[in-house]
Amino acid sequence: MARQYGFDTLQVHAGARPDPATGARQTPIYQTTAYVFRDADHAAALFNLQEVGFIYSRLTNPTVSVLAERIATLEGGAGAVCCSSGHAAQIMALFPLMAPGCNIVASTRLYGGTVTQFSQTIRRFGWSARFVDFDDLEALEAAVDENTRAIFCESISNPGGYVTDIPAVAKVADKVGLPLIVDNTSATPYLCRPIEMGATLVVHSTTKYLTGNGTVTGGAVVDSGRFDWSASGKFPSLSDPEPAYHGLKFHETFGPLAFTFHSIAVGLRDLGMTMNPQAAHYTLMGIETLSLRMERHVANARKIAEWLENDPRVDFVTYAGLPSSPYYDRVQRLYPRGAGALFTFAVKGGYEACVKLVDSLELFSHVANLGDTRSLIIHSASTTHRQLTPEQQVAAGAAPNVVRVSIGIEDPDDLIADLDQALAKATS
Ligand SMILES: *Cc1c(COP(=O)(O)O)cnc(C)c1O
């Protein structure tokens, strides 16, 4: 039997092989729009999905395909599709499942942009979202009705220092016969593998830790390959003849790869939210060092969170890796490699002090991003969570007196020194 490679090996090798044309060891950037058919029969077989190959780069591209296979492997999924951004990936995850009048049940603790996408923008498609506290499993189950098509949460949620009990949520999803979609951006498959805990689909903003260096936006949807799309009759795009693809029955034809093939053949074909090969290249460069970076991110975050918690200028720190966190035990049980590197802390002096702190930092960058090698800070209430109501801000862990940090891989003592001098200015 072939050896099962470990995570550190797979993050370097999965999906890639020396280039068949040149022997190039690193995955080349296939900067091409289209691919020559061998003959008319070959072209017909490709368009009929009877043979897997490359047609046009809105659908698939060899560089992007290596990345998709690598992410699918690291997540333990059957297949994956890469997209132009994390937000594109979320629409791509919902697209095969939804129809006008359908809804999703989503956690209140989500990335701010996702709350806006789900509460406002998807309504234009006739979809809607109901937000509930996923620690209240009865409320979660009660929010599901006959038009619900998915349950959506984040593994580690940004920015509230919250971690989801994915096995418990997956049990509810199982009971009501719906797919569970987990946004695993903040945890990455190094810290959390949602599919092993019962998730159906995993979505990523590859913009963040998977690329890791703040160069490109991208997203991915990974399918576990384990959901029975034909059992309930609720997912006709996958179980019934798909009118958008000459009546092909995706589930019957592709089995565990039904969702992935539908996402390429119909989703990318018609929505066009495709990742380009340059972006895939940068993300492949980053993903090779994912475990090494995540170890350092987590170690630095723990050290800095502890330092802040003991500082009298700080009211509280919400980091699930601290024993003071209500989610500490959950982290020990479900996320043994650590609670990630994002957290918030409250500065004495409220909104004004937060703004002054952000403006006084020298090593931390004030940006609307996370998961960079560099340490980043943002005052969510005045930026990313500005569009939310005050109640939504508090629910999302983005109250006016808190700032969010994304701890990088620098020397942690340099980061602490920077926070120390900026806190002095902010609270003087
Ligand atoms: C950034 C982010 C997104 C959106 O991804 P983009 O690549 O910016 O579109 C979604 N979810 C989480 C948790 C994120 O951090």
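User: With which residue does Asp 165 form a salt bridge, and how far apart are the closest N and O atoms?

Analyst: Side chains of opposite charge can pair when their charged atoms come close. Here Asp 165 forms a salt bridge (a side-chain nitrogen of Lys or Arg within 4 Å of a carboxyl oxygen of Asp or Glu) with Arg 333, and the closest N and O atoms are 3.4 Å apart. This pair links distant parts of the chain, since Asp 165 sits in the loop between β6 (162-163) and α7 whereas Arg 333 belongs to helix α14 (residues 328-334), 168 residues apart; helices (H or I, at least four residues) and strands (E, at least two) are DSSP runs, numbered from the N terminus. The model is predicted, with local features needing pLDDT of at least 70 and side-chain atom pairs counting only at pLDDT 80 or more, while totals for chains, interfaces and linings use all residues. Residues are numbered from 1 along each chain as its sequence is written, and side-chain values use heavy atoms, leaving out hydrogens and water.

User: Are Asp 165 and Arg 333 buried or exposed?

Analyst: Relative accessible area decides this: buried means under 20%, exposed over 50%, and partly exposed in between (1.4 Å probe, protein chains only). Asp 165 counts as buried because its relative accessibility is 15%, whereas Arg 333, at 51%, counts as exposed.

User: How many salt bridges does a search of the whole structure find, and where does Lys 175 take part?

Analyst: The search finds 14 salt bridges. In one of them Lys 175 meets Glu 141, with the closest N and O atoms 3.0 Å apart, and this pair also links distant parts of the chain, joining helix α7 (residues 166-176) to helix α6 (residues 137-143) across 34 residues. Lys 175 is exposed at 63%, while Glu 141 is partly exposed at 29%.

User: In what order do the strands of the open sheet lie, and which are the edge strands?

Analyst: Two strands pair if DSSP finds at least two bridges between them. Seven strands form this open sheet, in the order β1-β9-β8-β7-β4-β2-β3 and with mixed pairing. The edge strands, β1 (79-83) and β3 (128-132), each pair on one side only, and the twist averages 20° from one strand to the next. Within the sheet, β4 (residues 148-154) and β7 (residues 180-183) run parallel and are joined by four bridges, and Phe 152 stands opposite Ile 181 in β7.

Conventions. Axes fitted to C-alpha atoms, helices over the stretch in contact; angles between N-to-C directions.
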